[in-house]
Amino acid sequence: MASAFGLTLPQRGVLFGVMTYREMLDLAVQAEDCDLFTSVWVGDSLTAKPRPEALGLLGALAACTERLRLGVGCMASFPVRDPLLFAYQWASLDQLSGGRMALAACTGLVAGGVSAREGALWGVKDRERAARLEENIDICRRLWAEDDVSFDGRFTSFDGASIEIKPTQSPCPIWIAANPPPGPFYERSVQRVATRADGWMTSQLFPGMLAGYWRRLSEVLAENGKDPDAFPTIEYHNVNIGSEREACLEESKRFLDEYYGPVFSPPMVEAWTAAGTPDDCVKHLNALVADGAKQITLRMTAWDQQGQYRRLIEEVLPRVGNAT
């Protein structure tokens with residue numbers, strides 16, 4: 001059974017008429033007042049997929065909520081950002097929020113040269129992103145736990161660095177977001193999550209992806225002396241509720257095309273979206289729970305955000321995890 005639900009704010013939607021900034025913050029406040037939600041999430045990108053900047057938005061969310069965990073997933077710019085500055089910014093956010101921050105970092109790789117063009121602005125090549133992700137995690141962990149830190153890395157080196165603002169959470173968790181298709185980088189991804197992360201975030205972009213990765217990750221966690229049952233997992237997913245499933249999928253495709261560009265095929269949209277009647281959506285989300293999602297965070301891929309939100313909390317989420 002899914003132990004928790006998150007609400008993913010469609011922050012890039014302010015650029016194409018889904019909602020205003022004020023309406024987006026108000027939606028987070030609504031989630032704060034709903035016991036069904038334990039977290040609210042934002043996305044992240046710099047120039048690859050521009051949107052209201054994640055850390056600035058999280059600061060606003062810290063000020064207008066008190067209970068919800070505040071997450072960024074995935075933090076695609078994590079390998080591009082200066083790790084010392086980021087460690088300082090994230091520690092400040094954790095203090096400001098009272099220890100509610102949730103970081104899900106990722107490589108931020110995007111096909112078609114998009115991430116390569118973004119990385120070039122900061123001198124970061126696509127082939128370096130995975131190694132930079134790992135190195136930056138190591139830097140953040142040390143700066144959050146120690147003073148007078150010296151580090152000699154492949155990409156970043158420094159002597160005697162300290163940040164006076166430490167996170168409220170100790171240790172401050174770093175999850176890794178990963179959803180690789182089967183291929184040459186699959187095993188490296190699994191090993192990275194199992195050995196370096198405090199939790200795993202994913203997006204099911206093709207059928208069976210969540211279940212297959214979780215089976216392998218559970219094996220590697222056990223091999224490394226970690227209990228898979230205690231390892232947090234969260235599925236970053238979409239939802240569109242309506243009377244006709246095909247119409248819901250069509251609107252989700254239009255929404256995602258505006259959000260990311262036309263990079264998701266109809267079968268990918270179908271795998272990544274709980275769409276259709278409340279019964280359809282409950283069945284879809286229950287399947288994710290059965291496949292290994294201990295938490296699910298949902299973005300509503302529709303222009304009528306308030307109508308979708310009401311149906312989500314009244315007709316869908318109370319039934320997820322229950323026999324129907």
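This is a predicted model: local features need pLDDT of at least 70, side-chain atom pairs count only at pLDDT 80 or more; totals for chains, interfaces and linings use all residues.
Which residues form one aromatic cluster?

**View 1. An aromatic cluster of Phe, Tyr and Trp residues.** Here you can find Phe16, Tyr236, Phe255, Tyr259, Tyr260, Phe264, Trp272 and Trp303, which together form one cluster.

**View 2. The stacked pair Phe151 and Phe158.** Searching the whole structure turns up 17 aromatic pairs. In this one, the ring centres of Phe151 and Phe158 are 5.9 Å apart and the planes meet at 20°, so the pair counts as stacked. Both Phe151 and Phe158 are buried.

**View 3. The tilted pair Tyr260 and Trp272.** With ring centres 6.1 Å apart and planes at 35°, Tyr260 and Trp272 make a tilted pair. Tyr260 belongs to helix α8 (residues 245–260), while Trp272 is in the loop between α9 (266–271) and β10 (273–276), so the pair ties together parts twelve residues apart in sequence. Tyr260 and Trp272 are both buried.

**View 4. Trp144 in the largest nonpolar core.** This core holds 102 residues, and those touching the most other members are Phe37, Leu58, Trp90, Trp144, Trp200 and Leu217. Helix α7 (residues 209–223) supplies the largest share of the core, seven residues. Take a closer look at Trp144: leaving aside neighbours within four places in sequence, its contacts are Ala87, Trp90, Ala91, Leu103, Ile163, Lys166, Pro167, Cys172 and Ile174.

How values were computed. Residues are numbered from 1 along each chain as its sequence is written. Side-chain values use heavy atoms; hydrogens and water are left out. Rings of Phe, Tyr and Trp (its six-membered ring) pair if their centres lie within 6.5 Å; planes under 30 degrees apart count as stacked, over 60 as edge-to-face and the rest as tilted. Buried means under 20% relative accessible area, exposed over 50%, partly exposed in between (1.4 Å probe, protein chains only). Helices (H or I, at least four residues) and strands (E, at least two) are DSSP runs, numbered from the N terminus. A nonpolar core is a set of buried Ala, Val, Leu, Ile, Met, Phe, Trp, Tyr and Cys residues joined through side-chain atoms within 4.5 Å. Contact means heavy atoms within 4.5 Å.
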